[in-house]
Amino acid sequence: MMLKIKRVPTVVSNYQKEEAEEGGCGRNCLRSCCLPGAKLHMYAFKTAKKAVSDEIAADSELEVDFLDSLVLGEWEDRMQRGLFRYDVTACETKVIPGKYGFIAQLNEGRHLKKRPTEFRVDKVLQPFDESKFNFTKVGQEEVIFQFGASDDNDVHFFPNAPIDVDNSPSVVAINVSPIEYGHVLLIPRIFECLPQRIDRESFLLALHMAEEAGSPYFRLGYNSLGAFATINHLHFQAYYLATPFPIEKAPTKKITTTNGVKISHILNYPVRGLVFEGGDSLEGLSDIVSDSCICLQENNIPYNVLISDSGKRVFLLPQCYAEKQALGEVSSELLDTQVNPAVWEISGHMVLKRKEDYEGASEENAWRLLAEVSLSEERFEEVKELIFEAISCTVSEVAAAMTTTEESVSSHQSHEDSDTIKGSHPAMVPV
Ligand SMILES: [Zn+2]
């Protein structure tokens, strides 16, 4: 049986149209018809940290601030040029009263004027399909810069740099259906037309982008196929929202440390998941998380990823909502809201499509939806074992870590209120 769900596809580009294309193009796209002579800003990051004295010298020479000037500044420029489908800064947003601080946004414009499409949700890995929309079809004006490692381990900004197709640059583009201020897409090695699947190199690039942004309010997210990604062309999302997400405030319990990376359970949160943090380098953290993602993909388990704390903390959340939906196991009350629980919703930023849902938004409702997204405790344990096997955490290592209980439960340091929510919700994930 092939499991499918119907949903309204998100329009991420103004060129994501259903009509057949004609030769000649004329849309100023990123394919061979329009690329010759095209130029895009290029931001080159350094891959390794230098000594503090060098850091200061390098920063003083740098002509552009990555987050404020480049990502957000260029995003605002595209807003002034009228490239977005609606004005997200005019969407109402509120923090839902309660202990967790779920954030609700009323976004009535995002899904309008589109017919529902069928998405296959039972296969996390699907081959790239040239006939479907992909990011080489976006307009060049939607792409804000090229992003890659520098050759000399220093930071560089090159305005209007040529596009070296043969080296397949990674690019950052606006999402024309933004859910927040500065909503962009990171598209690794765009011309390689990679399907939506995590690999080590691409995940490390996403962590570098979070690190360059250097703000806890600029997060990156990833949705696998079967976990509400709708475009099968490798991409991460990112946006700026100046408030902590509920998932970031949830207490955690350490399971183990491997290669310096601490792996914990998320506690007192409706969606079961793992948190990865630390490690000797960005690459060390990236390898362990991406290997975990690869394990999930290869076992056909849909998942979402949130990159927090400037790339220092990563949440991995296997989920089963779309599968339940396809099997008819989700209540009509939840389905009627048409909320797609992808990475942002799972993290606690609920994008609501109906005014009544926004006005009646409560912690209870947010919790009820997210509880449907989570794997059962039993299934989560199985999935966790698969992951630990893949990243070579031996069972004894894990078992030893499990015996240290009390002192290993920790709240994230920047949110001192998390302890108080312990034991307060009837349906919470057991400690
Ligand atoms: Zn073209």
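**View 1. Parallel pairing of strands E2 and E6 in the predicted model.** Strand E2 (residues 39-45) and strand E6 run parallel and are joined by four bridges. Within this pairing, Tyr43 stands opposite Phe147 of E6.

**View 2. Strand E6 and its antiparallel pairing with strand E8.** Four bridges also connect E6 to strand E8 (residues 170-174), and these two strands run antiparallel. Phe145 has Val172 in E8 as its bridge partner. Of the seven residues of E6 (residues 143-149), five are buried, so the strand is largely enclosed by the rest of the structure. The threshold applied here is that a residue counts as buried if 20 or more other C-beta atoms lie within 10 Å of its own.

**View 3. The open sheet E3-E4-E17.** Three strands make up this sheet in the order E3-E4-E17, with mixed pairing. Three bridges pair E3 with strand E4 (residues 103-106) in the antiparallel sense. Lys94 is positioned opposite Ala104 in E4.

**View 4. Confidence along the chain and two stretches with pLDDT below 50.** The average pLDDT of the chain is 87, and 85% of the residues score at least 70. In residues 18-24 the pLDDT falls below 50, and this stretch has one contact in the model beyond near neighbours in sequence. Residues 413-431 also have a pLDDT below 50, but this stretch has 25 contacts in the model beyond near neighbours in sequence.

Conventions. Residues are numbered from 1 along each chain as its sequence is written. This is a predicted model: local features need pLDDT of at least 70, side-chain atom pairs count only at pLDDT 80 or more; totals for chains, interfaces and linings use all residues. Two strands pair if DSSP finds at least two bridges between them. pLDDT is the predictor's confidence in each residue, from 0 to 100. Two residues are in contact if their C-beta atoms, placed from the backbone, lie within 7 Å. A residue is buried if 20 or more other C-beta atoms lie within 10 Å of its own, exposed if 12 or fewer, and partly exposed in between; C-beta atoms are placed from the backbone.
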